[in-house]
Amino acid sequence: MTNLATQAAIKHARAHRDDDLRDLFTLLSQPSISAQNIGVQECANLEEALLNDAGFSTRRLDAPGHPVIYGEWLGAAGKPTILFYGHYDVQPPDPLDLWQSDPFTPTIRDERIYCRGVADNKAQHFSHIAAVRHWLRANGSLPCNVKIMLEGEEEVGSPHLDTVVAAHKDLLAADFVYTSDGPVTDARYPEIVFGVRGLLYVELFATGANRDLHSGHWGGVAPNPILALSRLLQTMIDDQNRVLIDGFYDSVRQPTPGAKAAMDALPFDTVQTIGGIGLTEMVPPAERSYAERVMFQPTLNIAGITGGYSGPGSKTVLPAKASMKIDMRLVPDQTPDEIWEKIRAHVEKHGNGIEINRLDGGMLPSFTPVEHPLADIVRAAVAAGFGAKPISVPSAGGSLPDSVWTQTLGLPSFLVPYGAPEQANHSPNESYRLERLYQGIETSIHLIGLLGE
Ligand SMILES: [Zn+2]
């Protein structure tokens, strides 16, 4: 049973959808392109005004890059605290000629709002702000404490997020972090994501002679750097796709029984999933399911290889150098530092002089147990807001800086995408279903209500 105060907040939200749309449109009409530093300050000002209007007290957090906005409502002494995270910066709208309406003029067509940044991430974090506003207008107070942090650099890789969070640990203290971003996998199922894989990216360089050579004069005499990279690769991964680097799997944690059960309960079909990319079977090992691979297994992926001649026709050349990029997706408790040491040692031992460099942008994996007691509250809120039981995804296959919450702050972190798969994040004609805006606002209202109980 939904309690009376929650019901009042829901009723208020339903009666004031036009106000929500108007305020969301104000945010959307303000470009905030972090990569080009267009309108970011102006959008930060609008966000702060919106938070103040909703009833938050706000401040800017000291940060080297674009403004980080913090808001809080802490009037529920002794009650739990949510920390909402969102980002108000957006991707550049290019290519402009593919947009059916102006990218920064929010336009409703077919029950969807079209605008750059509407799905990623303005409408999603707006849902939390609106929820607080409806609660306070309907009831005068919240039954739990709410903090919110809005970042302006997510679309350029959140380069300062960890520094800012680490410098404000006390201010950001909470019981859990709740983020609504990205789309669910299948619009029929609301979704809670409990973790992400980490990332380590490296580049390898093989060199031979001091210039490209005539293959007739020097073939069989001078070393071939492409061959050297291929030989090294053979020592790194076997025909069952097992990574052969010493100790690569040492820190891999077995998924908990709850995580395994959640994975098995996912309503996605492997055959259908790989059919979507034109395949009928996966690479070995045969015994691992699609979900198990992307959630609980680390990978070593060859992202690209360059060297020699690959233009039209034939050029009989023996290249002087070749290079290769490798990305590795990491799972708990692997760390980029640990795996970097291991791959570096491997290349030193087997690489015959091949050099290896680590690229910026590595990320720790992150993990919140699906059995966490707060997860039941989140599930109940999502079920009430979306009218369907959510699925629990133990880990996303991709990487996000989620470890700032789970490791730097030491909190459980729930990623609850309010968006749908067809919303075209980062693409022309990005859009967001009106229905999901209202469902998202009501989910956040239920979350606040349930947490207060
Ligand atoms: Zn994005």
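Predicted model: local features only at pLDDT ≥ 70, side-chain atom pairs only at ≥ 80, totals over all residues.

Visitor: Which residues coordinate the zinc ion?

Guide: Donors are N, O and S atoms within 2.8 Å of the metal (3.2 Å for Na, K and Ca); water is not among the atoms, so sites may look incomplete. Here the zinc ion is coordinated at 1.9 to 2.5 Å by Asp-120 (OD), Glu-155 (OE), Glu-155 (OE) and His-426 (NE2). In sequence, the spacing of these donor residues is D-x34-E-x270-H. Glu-155 lies in the loop between β6 (145–151) and α5 (161–167) and His-426 in the loop between β18 (413–415) and β19 (431–433), so this pair ties together parts that are 271 residues apart in sequence. Helices (H or I, at least four residues) and strands (E, at least two) are DSSP runs, numbered from the N terminus.

Visitor: What is the geometry of the site of the zinc ion?

Guide: Four donors count as tetrahedral if all angles lie between 85 and 135 degrees; four count as square planar and six as octahedral if opposite donors are over 155 degrees apart and all others between 65 and 115; anything else is irregular. The angles among the four donor atoms here are 55 to 135 degrees, and the site is irregular.

Visitor: Is Glu-155 buried or exposed?

Guide: Buried means under 20% relative accessible area, exposed over 50%, and partly exposed in between (1.4 Å probe, protein chains only). Glu-155 is buried at 13%, whereas His-426 is partly exposed at 41%.

Visitor: How many cavities of 30 Å³ or more does a search of the whole structure find?

Guide: On a 1 Å grid over the protein atoms alone, a cavity is a set of points where a 1.4 Å probe fits but cannot get out; lining residues have an atom within 4 Å of a point. Grid points are joined across faces, edges and corners, and a volume is the space filled by probe spheres set on the points. The search finds two such cavities. The largest has a volume of about 150 Å³; of its 15 lining residues, the closest to the centre are Arg-253, Met-295, Phe-296, Pro-332 and Phe-367. The second largest cavity has a volume of about 40 Å³, and its lining includes Glu-151, Glu-153 and His-160.

Visitor: Which residues does a cis peptide bond with omega of about -5 degrees join?

Guide: Most residues other than glycine have a negative phi, and most peptide bonds are trans. The cis bond in question joins Asp-94 and Pro-95; another, with omega of about 5 degrees, joins Pro-284 and Pro-285. As for phi, Asp-110 has a positive value near 50 degrees and is exposed at 68%. Ala-424 has a positive phi of about 60 degrees and is placed in the loop between β18 and β19.

Technical notes: Residues numbered from 1 in each chain as written. Heavy atoms only, no water. 1 Å grid on protein atoms, 1.4 Å probe; cavity = no way out; pocket = protein on both sides within 12 Å on 5 of 7 lines; lining within 4 Å.
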